[in-house]
Amino acid sequence: MGFDHFSLLAPFYDRVFRGKDLTQLKSLLGLPTDGRLLDAGGGTGRVAHNLHGLASQIVVTDVSNGMLSEAIQKDGLTPLQAHAELFPFADASFTRILVVDAFHHFCNQREAAVELWRVLAPGGRLVIEEPNIDTWPVKLIALAEKLALMRSHFYAPRQIKAMFEPYNAHIEIHTDQQYTVWVVVQK
Ligand SMILES: C[S@@+](CC[C@H](N)C(=O)[O-])C[C@H]1O[C@@H](n2cnc3c(N)ncnc32)[C@H](O)[C@@H]1O
């Protein structure tokens, strides 16, 4: 990985990106679960710590040590440094997986999709929440991130869906009235 922009942001991240409404995400994830939950690219644990008690264990993985050092301070989370493209987990380890605002930051989205599918348990559910690149405001954000050399790569919802189609997964795309899209994959 190149320069870690997120380590610079980490101490302020939760204050800047606070007050996130998790209603839709929780509902699409189908929580609670008796199994383990993975928040991939989970950063400071901003989202995961609000899911405390809704899974037997909540694992937060991220490449950024700075972001994870914030997650370590939150109760009920198991933070671990790992690339989403190469998880140190056995097949079928998690009944629920979420990826919030991180998929476009991953180094290789197709490799990450393979890994997300591999570690998802049969009967389990994966929810990828992304800014919807099919909308103009998000196209502008994508341009700004390029100018900031953030190396992000936004895929359209139908392209993310296509990454899971070879598995014959049940896949749904949900959008809100604004700029968010959720791709829900059931194994
Ligand atoms: C915009 S932040 C979102 C963090 C968290 N999901 C949230 O919503 O608060 C994106 C995160 O993706 C992480 N990330 C970038 N590339 C990654 C990769 N290849 N594998 C795992 N995490 C990665 C970054 O370090 C960063 O913490």
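How many bridges join strand E2 to strand E3? The two strands run parallel and are joined by 4 bridges. The views below are taken from a predicted model, in which local features need pLDDT of at least 70, side-chain atom pairs count only at pLDDT 80 or more, and totals for chains, interfaces and linings use all residues. Residues are numbered from 1 along each chain as its sequence is written.

**View 1. The open sheet has 7 strands.** Their order is E3-E2-E1-E4-E5-E7-E6, and the pairing is mixed. Strands (E, at least two residues) and helices (H or I, at least four) are DSSP runs, numbered from the N terminus. Two strands pair if DSSP finds at least two bridges between them. Strand E3 (78-81) and strand E6 (170-175) stand at the edges. Each has a single partner strand, so one side of each is left without a neighbour in the sheet. Neighbouring strands are turned by 15° against each other on average, direction ignored.

**View 2. Strand E2 pairs with E1 and E3.** E2 spans residues 57-62. E1 and E2 pair in the parallel sense over 5 bridges. Arg-36 stands opposite Gln-57 in E2. On the E3 side, Val-60 stands opposite Pro-79. In E2, 5 of the 6 residues are buried, so the strand is largely enclosed by the rest of the structure. Buried means that 20 or more other C-beta atoms lie within 10 Å of the residue's own; 12 or fewer means exposed, in between partly exposed, with C-beta atoms placed from the backbone.

**View 3. Strand E4 pairs with E1 and E5.** E1 (residues 36-40) and E4 (residues 94-100) run parallel, joined by 3 bridges. Leu-37 stands opposite Arg-96 in E4. Asp-39 has Leu-98 of E4 as its bridge partner. E4 and E5 also run parallel, with 6 bridges between them. Here Val-99 has Ile-128 of E5 as its bridge partner. E4 is largely enclosed by the rest of the structure, because 7 of its 7 residues are buried.

View 4. Axes are lines fitted to C-alpha atoms, for helices over the stretch in contact, and angles run from 0 to 180 degrees between N-to-C directions. Contact means C-beta atoms, placed from the backbone, within 7 Å.

**View 5. H6 has buried residues, including Ile-160.** Met-163 and Phe-164 are buried in H6 as well.

**View 6. Phe-154 sits in the loop between helix H5 (136-147) and H6.** Phe-154 counts as buried because it has 21 C-beta neighbours inside 10 Å. Phe-154 is in contact with His-104, Ile-133 and Ala-142, leaving aside neighbours within four places in sequence. Ala-142 is 12 residues from Phe-154 in sequence and 7.1 Å away in space, C-alpha to C-alpha.

Note on methods:
Two residues are in contact if their C-beta atoms, placed from the backbone, lie within 7 Å.
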